Amino acid sequence: MDVQQEETKPELKPTVIWKCKNADCKAWVREEFAAAEYPECPICKGPTIRSYKHLPAVAKAKKARKKAAK
């Protein structure tokens, strides 16, 4: 691996995820994008368990503020 490829790799951080309990299903979702406090699997709709995965950080989108009416 050359130096240029090493520099372009994103930094990985431990990230909380929800992964499917079903061994045949490989689905998972970041906790910050989960639709519920205890989400169901997005693919098979089965139960999920909380876990960790080393993933690149995601830039959080800033919400546009509405200007106050005068």
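Start with the aromatic side chains: the structure holds 1 aromatic pair. Select tryptophan 18 and tyrosine 38 and look at how their rings meet. The ring centres sit 5.8 Å apart and the planes make an angle of 80°, so this pair is edge-to-face. Tryptophan 18 belongs to strand 1 (residues 12-20), while tyrosine 38 is in the loop between strand 2 and strand 3, so the pair ties together parts that are 20 residues apart in sequence. Keep in mind as you go that this is a predicted model.

Are the two partners buried or exposed? Tryptophan 18 is buried, at 8% relative accessibility, whereas tyrosine 38 is exposed, with a relative accessible area of 63%.

Stay in that loop and click on glutamate 40, which is found between strand 2 (28-30) and strand 3 (48-56). Glutamate 40 counts as partly exposed because its relative accessibility is 46%. Which residues does it touch, leaving out those up to four places away in sequence? Show Lys45, Gly46 and Thr48, and you have them. For a distance check, draw a line from the C-alpha of glutamate 40 to that of valine 29: the two are 11 residues apart in sequence and 10.0 Å apart in space.

Next stop, the cysteines. How many disulfides are there? The count comes to 0, with a disulfide taken as two cysteine sulfur atoms within 2.5 Å. Select cysteine 25 and you'll find that its nearest cysteine sulfur, on cysteine 41, is 3.6 Å away, and cysteine 25 is in no disulfide. Then go to cysteine 44: here the nearest cysteine sulfur is that of cysteine 20, 3.5 Å away, and again cysteine 44 is in no disulfide. As for the surface, cysteine 25 counts as buried, at 13% relative accessibility, and cysteine 44 is partly exposed, at 36%.

Finally, zoom out and switch to cartoon. Colour by burial, and 20% of the 70 residues count as buried. The chain exposes about 6500 Å², with carbon and sulfur atoms supplying 53% of that area.

Key:
Residues numbered from 1 in each chain as written. Heavy atoms only, no water. Buried < 20%, exposed > 50% of the residue type's maximum accessible area, 1.4 Å probe, protein only. Areas by Shrake-Rupley, 256 points an atom, 1.4 Å probe, with all protein chains shown as cover. Helix = DSSP H or I, 4+ residues; strand = E, 2+ residues; numbered from the N terminus. Contact = heavy atoms within 4.5 Å. Phe/Tyr/Trp six-rings, centres within 6.5 Å; stacked < 30°, edge-to-face > 60°.
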